[in-house]
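Please open the model in a viewer and keep the selection panel at hand.

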Amino acid sequence: MKLFLGIVFGIFSLFLAACAVGYFLPATLEIERSTIINAYPDDVFPLLNDLKSYKSWAALDDRLGQVPILTGGAESGMGQTQAWQNGPKGYEVGSREIMQESAPEFVQIQVSVNGQVSSTTHAILKTEPGIVTVLSKRELPQPGFPYIGRLKGLMMKQEIADNLDAALERLKTQVETNL
């Protein structure tokens with residue numbers, strides 16, 4: 001009986017410790033990645049401002065594979081939307097919409113996957129003539145109480161960062177190949 005109570009107390013203590021640690025983690029997980037592209041802002045911006053072009057480079061589209069994606073709203077830019085269903089595990093249902101844009105500087109997208117809403121902002125920074133830096137920032141709200149979800153987000157941060165790095169590399173390759 002003492003062993004059983006010790007195990008129950010130990011599990012409860014671990015739960016409380018995880019909640020306490022999670023409480024002090026930020027409520028939003030932020031991941032920033034960038035890449036340098038040998039191009040002009042006007043060469044890169046159309047690929048960021050048209051959700052249909054994301055199929056060739058974006059991390060989410062890489063995860064979705066061949067799932068049919070419906071596009072609606074504006075032809076491109078603010079108000080353009082996409083939605084899918086019957087996606088792979090973890091991405092069964094979702095949508096995204098271009099919420100803000102400023103040609104040729106940035107595009108902000110709101111993404112909803114299985115009801116979890118996040119945002120991604122792509123900024124184009126002109127560094128030298130013919131060279132730009134594309135900075136992408138993902139913001140994922142982390143669930144509140146019991147704050148354990150924040151620990152999960154912290155553990156997934158590197159995987160998300162690696163996916164974003166790979167997406168930016170595909171974007172760079174596509175832009176530089178099409179010049």
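The stops that follow move from the whole chain to the sheet, its hairpins, the helices and the loops.

**Before selecting anything.** This is a predicted model, in which local features need pLDDT of at least 70 and side-chain atom pairs count only at pLDDT 80 or more, while totals for chains, interfaces and linings use all residues. Residues are numbered from 1 along each chain as its sequence is written, and side-chain values use heavy atoms, with hydrogens and water left out.

**The whole chain.** Display the C-alpha trace: its atoms fill a box of roughly 75 × 35 × 25 Å along the principal axes. The radius of gyration is 20 Å, whereas a compact globule of 179 residues would have one near 16 Å (taken over C-alpha atoms; the globule rule is 2.2 Å times the number of residues to the power 0.38). Colour by secondary structure to see four helices and seven strands, arranged from the N terminus as α-β-α-α-β-β-β-β-β-β-α. Helices (H or I, at least four residues) and strands (E, at least two) are DSSP runs, numbered from the N terminus.

**The sheet.** Select the seven strands next; they form an open sheet in the order S1-S7-S6-S5-S4-S3-S2, with antiparallel pairing (two strands pair if DSSP finds at least two bridges between them). At the edges are S1 (28–37) and S2 (70–72), each of which pairs on one side only. Neighbouring strands of this sheet are turned against each other by 20° on average, direction ignored. For such angles, axes are lines fitted to C-alpha atoms, for helices over the stretch in contact, and values run from 0 to 180 degrees between N-to-C directions.

**Two hairpins.** Select S5 and S6, which run antiparallel and are joined by eight bridges. Here glutamine 108 has threonine 121 of S6 as its bridge partner. Two residues lie between these strands, and asparagine 114 in the turn has a positive phi of about 50°. Then extend the selection to S7 (residues 131–141), which is joined to S6 (residues 116–128) by nine antiparallel bridges. Lysine 126 stands opposite valine 132 in S7, and leucine 125 faces threonine 133 in S7. In this hairpin, again with two residues between the strands, glycine 130 takes a positive phi near 80°.

Contact means heavy atoms within 4.5 Å.

**Where two helices meet.** At what angle do the axes of H2 and H4 cross? They cross at roughly 125° and come within 10 Å. H2 is therefore oblique to H4 (under 35 degrees counts as roughly parallel, over 145 as roughly antiparallel, 65 to 115 as roughly perpendicular and the rest as oblique). Show side chains for Asp43, Val44, Leu47 and Leu48 of H2, and for Leu171, Gln174 and Val175 of H4, which make the contact.

**Loops.** Finally, centre on proline 104, in the loop between S4 and S5. A cis peptide bond joins alanine 103 to this proline, with omega about -10°. The last stop is asparagine 86, in the loop between S3 (81–84) and S4; although not a glycine, asparagine 86 has a positive phi of about 60°.
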